[in-house]
Structure formats: C-alpha cells, structure tokens
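Reader: Could you take me through the helix packing, the sheet and the aromatic pairs here, and tell me what stands behind each label?

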Amino acid sequence: MDYKMKSMASIAEILKSYTGDYEGPWSVAYSGGKDSTVTLALVIRALLLLKPEQRNRKVFITSSDTTLDLTTTPTRNNELRRIQKLIENHHLPVEVALVAPEDRNSFWFKTLGLGYPLPKSKRNRWCTDALKIKPQEKFLQGLKPSLTLLGVRISESQTRGESIKNHQTSKYYSDGAMMPIVDFTLDDIWSYLAIEKLPWGDAEEISQLYKDATGECGLSKRKAGADEDNSDACGARFGCIVCPVVKIDKSTQEIAKKKPWFQPYADIRDVMIQMYQDPDNKAGYRRNGEYLGYGQGTFTVKARMKLLELVKQAQEDNRLLSRMYGVEPQPVISDELIDLIHQQWEKDLIDYPFLEDVKELGDFYEVRIGKVFQLTMNLKVKKVAN
C-alpha cells in the first residue's frame, strides 16, 4: 500500500472517530517535526472535508516549549502561525495550546539549582518527563480529551515498534490514543510532504530543517526503509540542543555549520558532559543525605556555579553571533530563573552542607565572583559553621 492509500485510510478513520457518538475534545501532539506535521495535516484535511455544521468537536494542537529545542522552535512557530491563519480563514474548531514546565521543573533548575545528575540514557531520561510529559499531562488533565492523536510509527525504530505493538488495541488505537500514521514508512512521510503538501502551505521550511541537520535529507532526497533510525539521512534527531543522552549530536553539529549562532550551545553541551564525568564535581551524596562515595551523586554547589557561568557566557556568545548574522538571539535561561538558582544554592549551603565544603566554596567565590557576592557567602559560611 503506497502513501496515498495509507493517507486515505487514515483520514477515513479520523472522520469516523471525529463524528462518533462519544463526546469531548481532541488533543493532537505537535512538535514541528516531520511525523507530527503529517499527523496534524491528516487531521486538518479531515476537518476540511466536513461541512461547518459537522465540525462540532474542538481540537487542541498541543506543543511543548522546553526553551531548549532551539533548532526546531523557529520552524515550529512559523508553521503554527500559518496554521492559525488557516484555522481563522476556514473557521475551524481548532486551538493551539503551548505548554511549558514551571521554572522549578526546568532543565537548568534541576541541574544548576538542585545539582541533578545528567540524564545519561533513554531509560534514565528524567528531563523528558519533567520538560515535556508532565506539562502535557497537566494540560490534558484539565482538558480531559476523549482522544489524543500521536505521530508515532511502527517503522520508526525497533524499540518504538515493539512498544506500539505491546499497547495496540487495534490498528490505529492504543490505550486512549489514536495513531494516524502508525503504518507509514519514512518514505511515505517524505512522499506525503513532497507531493501532497500541507493544508496550510508547502513543506519547504521543514524540509530545509532536515537538510540542515543531516547535510543531505529533504524533499528532493528521500530514504526509504522499514527499519530506519537516527543514523539514517532522513532520521535526524531533534530536541534539546544540550541533550546529554546522545553520544554525538550530529544533527546540532550539522545545523551549527550553517547557523553558527548555535555553536556556543553545542559547545556548552560537551563541557557539561565533561564536567559531569569529572568525579571532583560530585558531592558523593544524594540530596536525601544517602552516601554514595567519591565521584558519585549530586553536582557540588561549586560545580553548579562554574557551569552557570559557562551557560551565561554561551548565551551571551549566542546573542552576539545572532546579531552578527542578522537573526534573533535564542536565550536559554532567564534572569528570573538565575535568581531562583541562586536561592537554591543558598538553601543548599544551609540545609544540605554535605553537598559542599563551604570553606572551599568561599575561597572559590573570592577568586571567581568578586567581593560583593563574597560578603554574602561569608555570611552563609558563618551560619553553617554555627
């Protein structure tokens, strides 16, 4: 079955579910990547086939803003603006909902404020839960959608395929979710984007995004296959620009060649991983006081301070390079979040002294930060000593 037949079958199933007897809004997960784009395009095409009086179910386009998906966020935002125009022009019952983690659940607060160990594997990826899943769950709990539509495919990877099959209740459905492109291959996805276009316009910007990330992929060059993975030309990895889980972030490296203003963040990712691998940067304890031994546990307060200075410098370098190339800067950490991180350090030095040698920390600040903050640190040291 080619992509055209799969698309028609998916749209038919969407229409069947949308006009069903059960009540409640829908939620469509949208990241701006190729799979979620095709999924959303099928949903909107289905809505456009209905008469206005038949469009009696609200559809929410939900998208997570982690503030760290810098390579995809501009494209996603541009696409959302075009989608919004389509919604308004056709009076579709569709609403865009951006969700984001609270500052205390952000990646930087977890790592720089609390000293969380870096997520180092797909099984130990606390960041995905904190930055994407929990904000989405919080929104969906209030929305109570009758159906959530996901852009997942069996052929995406062996792991994803097995997970889908383990939870499938029928071809398109899995535990309260619908998967319109579940049987699409990578070639189907790119064929759809190249030939069918999108209800809100062409797919050239999405194509360029993948070309920038791989050096070759896009609408003019498609790579088919049932077992594609992130090493394939069209299977670029997108997401957090400082992701420590992937060993080599080829996608960001390729993008930085064409967009040098991303390079400071690609560099800070490598520095952050190197710092985490240095046993001297770990306190030897968990935050709950459990002793783990040298080279393990929570980031020391001093290591967190060093890393924050490097992150702030990377953000400044990004700002200068962005201005040089005539683009908008991409900040990753706000002044409000920095203040929150500073407050957490002060709390840790008083309530969790086992996370840092306070005398050593005072010496560090005397050299690196300056006399004004040093006065504050001296007060903290005295409080801990007493």
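Author: What follows is a set of questions about the labels, each answered from its rule.

Author: First, the ground rules: this is a predicted model, where local features need pLDDT of at least 70, side-chain atom pairs count only at pLDDT 80 or more, and totals for chains, interfaces and linings use all residues. Residues are numbered from 1 along each chain as its sequence is written, and side-chain values use heavy atoms, with hydrogens and water left out.

Reader: Which residues of α2 and α7 meet?

Author: K34, D35, T37, V38, A41, L42 and R45 of α2 meet L186, I189, W190, Y192, L193 and E196 of α7, where contact means heavy atoms within 4.5 Å.

Reader: What makes α1 roughly perpendicular to α7?

Author: Their packing angle is about 85°, and the axes are 10 Å apart. That angle puts α1 roughly perpendicular to α7. On the α1 side the contact uses Y3, K4, K6 and S7, and on the α7 side D188, S191, Y192, I195 and E196.

Reader: Why is the pair of Y3 and Y192 called edge-to-face?

Author: Rings of Phe, Tyr and Trp (its six-membered ring) pair if their centres lie within 6.5 Å; planes under 30 degrees apart count as stacked, over 60 as edge-to-face and the rest as tilted. This rule gives twelve aromatic pairs. For Y3 and Y192 the centres are 6.5 Å apart and the planes stand at 90°, so the pair is edge-to-face. Y3 belongs to helix α1 (residues 3-18) and Y192 to α7, so the pair ties together parts 189 residues apart in sequence.

Reader: How do you know that α11 and α12 are roughly antiparallel?

Author: The axes of α11 (residues 301-324) and α12 (residues 335-351) cross at roughly 170° and come within 11 Å. The pair is therefore roughly antiparallel.

Reader: What makes β3 and β5 the edges of the sheet?

Author: The open sheet has seven strands in the order β3-β2-β1-β4-β7-β6-β5, with mixed pairing. β3 (94-99) and β5 (168-170) each have a single partner strand, so one side of each lacks a neighbour in the sheet. Two strands pair if DSSP finds at least two bridges between them, and two bridges join β5 to the antiparallel strand β6 (residues 173-174). S170 has Y173 in β6 as its bridge partner.

Note on methods:
Helices (H or I, at least four residues) and strands (E, at least two) are DSSP runs, numbered from the N terminus. Axes are lines fitted to C-alpha atoms, for helices over the stretch in contact, and angles run from 0 to 180 degrees between N-to-C directions. Angles under 35 degrees count as roughly parallel, over 145 as roughly antiparallel, 65 to 115 as roughly perpendicular and the rest as oblique.
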